Amino acid sequence: MSPLIDCLLIGLGATLIMDLWGLLRHPLLGMPLPSYYLVGRWLGHMPKGQFRHQAITEAAPVPGETLIGWLAHYLIGVSFAALLILITGSKWLTSPSLTPALAVGLVTVLAPFLLMQPGMGAGIAASRLPNPGQARLHSLLTHGIFGLGLYLSALGLRLFH
């Protein structure tokens, strides 16, 4: 397979693993189920020039925001897989190792901390949320799971090569 297809499959797999974690943490930790409709709403307002909101929940709904949010979520996951492969080179695809995948997964938490959360009204690193420490911890854990998913997806893909 080409590195581009590998990247696509690894990114989709890692994002799916992260979403499975999101489903598990609901009964285990009492966290809400994953939903990306607010990401879709945020992105849906961008073509109109609105990049920052006081509270995204108070912004007008956007047609198709749920679909937009979920598609963006998976495309971002594929983009982060591409970042991993750009950093490590295609050699990582033939011999995946946990450390770079986990490192990239943890570094990707900067996207919500510095871009998405401020743009959606939650402040830098969830600073405007009622319990920012807990939100940060869950974000780090979720992105760590994404990193683990990058590694596991690459291993699974390697079994098919």
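**Walking through the model**

Author: Let's start with Leu 140, which is partly exposed, with a relative accessible area of 37%. Here buried means under 20% relative accessible area, exposed means over 50%, and partly exposed is in between (1.4 Å probe, protein chains only).

Reader: Where does Leu 140 lie?

Author: Leu 140 is in helix H7. Helices here are DSSP runs (H or I, at least four residues), numbered from the N terminus.

Reader: Before going on, what kind of model is this?

Author: This is a predicted model: local features need pLDDT of at least 70, side-chain atom pairs count only at pLDDT 80 or more, and totals for chains, interfaces and linings use all residues. Residues are numbered from 1 along each chain as its sequence is written, and side-chain values use heavy atoms, with hydrogens and water left out.

Reader: And what's the mean pLDDT of the protein chain?

Author: The mean is 95, and 99% of the residues reach 70 or more; pLDDT is the predictor's confidence in each residue, from 0 to 100. Confidence is lowest in helix H4 (residues 91-94), at a mean of 93, and highest in helix H5 (residues 98-107), at 98.

Reader: Back to the leucines. Which residues form the nonpolar patch on the surface?

Author: Leu 98, Leu 102, Leu 106, Leu 140, Leu 148, Leu 152 and Leu 155, with about 490 Å² of accessible area together. Patch members have over 30% relative accessible area and no salt bridge, with nonpolar side chains (Val, Leu, Ile, Met, Phe, Trp, Tyr) joined within 5 Å and like charges within 9 Å. The areas come from the Shrake-Rupley method with a 1.4 Å probe, and for residues only the protein chains shown count as cover.

Reader: Which helix gives the largest share of the patch?

Author: H7 does, with 4 residues. H5 and H7 each supply at least two.

Reader: New topic: how many aromatic pairs?

Author: The count is 2. Rings of Phe, Tyr and Trp (its six-membered ring) pair if their centres lie within 6.5 Å; planes under 30 degrees apart count as stacked, over 60 as edge-to-face and the rest as tilted. One of them is Tyr 36 with Trp 70, edge-to-face at 4.8 Å centre to centre and 85° between the planes. Tyr 36 sits in the loop between helix H1 (3-29) and helix H2 (37-45) and Trp 70 in helix H3 (residues 65-88), so the pair ties together parts that are 34 residues apart in sequence.

Reader: And Phe 80 with Phe 146, what's the geometry?

Author: Their ring centres are 6.3 Å apart and the planes are at 70°, so that pair is edge-to-face. Phe 80 is in helix H3 and Phe 146 in helix H7 (residues 132-160), 66 residues apart. Phe 80 and Phe 146 are both buried.

Reader: What does Thr 108 touch?

Author: Leaving out residues up to four places away in sequence, Thr 108 touches Phe 80, His 143 and Phe 146, where contact means heavy atoms within 4.5 Å. Thr 108 is in the loop between H5 and helix H6 (110-119), and at 4% relative accessibility Thr 108 counts as buried.

Reader: How many salt bridges?

Author: A search of the whole structure finds 1, a salt bridge being a side-chain nitrogen of Lys or Arg within 4 Å of a carboxyl oxygen of Asp or Glu. The side chains of Glu 65 and Arg 41 make that contact at 2.8 Å, N to O. Glu 65 is in helix H3 and Arg 41 in helix H2, 24 residues apart, and both are buried.
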